[in-house]
2 protein chains.
Amino acid sequence: MRITKEKTAENRAALVQAAARLFRKHGIDGVGVAEISKAAGLTHGALYAHFPSKEALAAEALSHGMAHGYKAMASSKAGRELTLAEYLEFYLSAAHRDNPAVGCAIAASASELGRQDAAISARLTEGFERLVGTIERALQDLPSRGQARQRAVTAVAAMVGGIAMARATQKANPALSDEILVAVRRVLGELGGESVEPKPAPAAASGAGRRKKP
Amino acid sequence: MRITKEKTAENRAALVQAAARLFRKHGIDGVGVAEISKAAGLTHGALYAHFPSKEALAAEALSHGMAHGYKAMASSKAGRELTLAEYLEFYLSAAHRDNPAVGCAIAASASELGRQDAAISARLTEGFERLVGTIERALQDLPSRGQARQRAVTAVAAMVGGIAMARATQKANPALSDEILVAVRRVLGELGGESVEPKPAPAAASGAGRRKKP
């Protein structure tokens, strides 16, 4: 009995992980339950033993993908909270742009999420607020907390939109794709009262996605 | 012969229009060629007489949708170019958020576009550059053109991401959805050296999507 419960939990986790990866790579509408089941090493029927619908699995996978992406970002300097410049370097990196399957689930599905159901909207809202809260704490020297909140909301919108546009332009115009990452990083860095460019230290310290400026 | 040519052009236009509307509403992966053909009043086979593939139709529909959205925005004050505040009021409006099928094709498909082919990336790049150029011209009092370009790129990323996030949060948290539109409008307005809020005139003059602040 104990092994069965463990196996059940293991299968469920395998489904969520496979779904989170495939949805980020191909989009929610771009992947079917058959493909997810197969990637998890299970049958189609087994998926429905765990989730009543594709939507229910998508909601769980979105939370998993957001938590995973968030953890990767927040833990990239263990022991202290990152600076705004470091968050921007990490998020708006070529590495993030080039690896949607393991990147931010919000950016990967941004324009698809509005077409999904209320349960997915609720999960997205949690992840969005967490990201906004993180950026808000990293904003410095602002006259009011209301202003910090507005700037953090705008920064997250620009980060999500920036990654989506960098991916969308990449096949036709790689130089523009790179330019988008650099521009959004610089301008959002200035929003927080920091200048990302004149200080080379935080930029050089971030390994992920460090690349030549165009 | 002349009528046949006209009818051919008419059918092609009907397909592009139907595709542009349905792709913006349901996503590129969320609509099949059968549904598009039906919406255009044509058979499945007729579609392939005009376009070699769904991707080819999607590229054409993206251009059509971007041109249509751009025209709607640029013509909302005939006779003169809009101010930055007016562009932001128009784009980041509840009306735009609530009507994806007739809104900006870039925002409607933002995160899907990176998964499409090079032809779609090329069309997206054209539309993205046009939007960036428009915002860049509307930016005032900036020390350099390089700075204006970077801010315009960031503004477009935030506009696209802002609409996507306002749509994504709306079902679960309508107040947050409204807050996103207001925040992105205000912060981007400040980027251009204008303050959107203290001057009521430009905001009140814009009819589309004018709504109570939360």
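A residue is taken here as buried if 20 or more other C-beta atoms lie within 10 Å of its own. I begin with that cut-off and keep in mind that this is a predicted model.

**Entry on helix α5 of chain B.** I looked up how well helix α5 (residues 84-91) of chain B is covered, and I found that eight of its eight residues are buried, so that the helix is mostly covered. I noted the buried residues of α5(B) by name: Leu84(B), Ala85(B), Glu86(B), Tyr87(B), Leu88(B), Glu89(B), Phe90(B) and Tyr91(B).

**Entry on Gly189(B).** I then turned to Gly189(B), which lies in helix α10 (residues 174-191) of chain B. Is Gly189(B) buried or exposed? I noted that Gly189(B) counts as buried because it has 25 C-beta neighbours inside 10 Å.

**Entry on α5 and α10 of chain A.** For chain A I looked up how helix α5 (residues 84-91) and helix α10 (residues 174-191) are placed, and found that their axes come within 10 Å and cross at roughly 160°. Because angles over 145 degrees count as roughly antiparallel, I wrote down α5(A) as roughly antiparallel to α10(A). The crossing of α5(A) and α10(A) is right-handed. I found that α5(A) makes the contact through Leu84(A), Ala85(A), Leu88(A) and Glu89(A), while α10(A) makes it through Arg185(A), Leu188(A) and Gly189(A). Sorted by class, this contact of α5(A) with α10(A) holds four nonpolar, one polar and two charged residues.

**Entry on the two chains together.** I next looked up where the chains touch, and found 45 residues of chain A in contact with 45 residues of chain B. On the side of chain A that touches chain B, at least two residues each come from α7 (105-109), α8 (118-138), α9 (145-170) and α10 of chain A. Which helix gives the most to that side of chain A? I found that α9(A) does, with 15 residues. The residues of the side of chain A that touches chain B divide into 22 nonpolar, 15 polar and eight charged.

**Entry on how the copies are related.**

Definitions and conventions:
Residues numbered from 1 in each chain as written. Chains lettered and ligands numbered in written order. Predicted model: local features only at pLDDT ≥ 70, side-chain atom pairs only at ≥ 80, totals over all residues. Axes fitted to C-alpha atoms, helices over the stretch in contact; angles between N-to-C directions. Helix = DSSP H or I, 4+ residues; strand = E, 2+ residues; numbered from the N terminus. Parallel < 35°, antiparallel > 145°, perpendicular 65-115°, else oblique. Left-handed = near helix turned anticlockwise from the far one by under 90°. Contact = placed C-beta atoms within 7 Å. Nonpolar A, V, L, I, M, F, W, Y, C, P; charged D, E, K, R; others polar. Buried ≥ 20, exposed ≤ 12 C-beta atoms within 10 Å, placed from the backbone.
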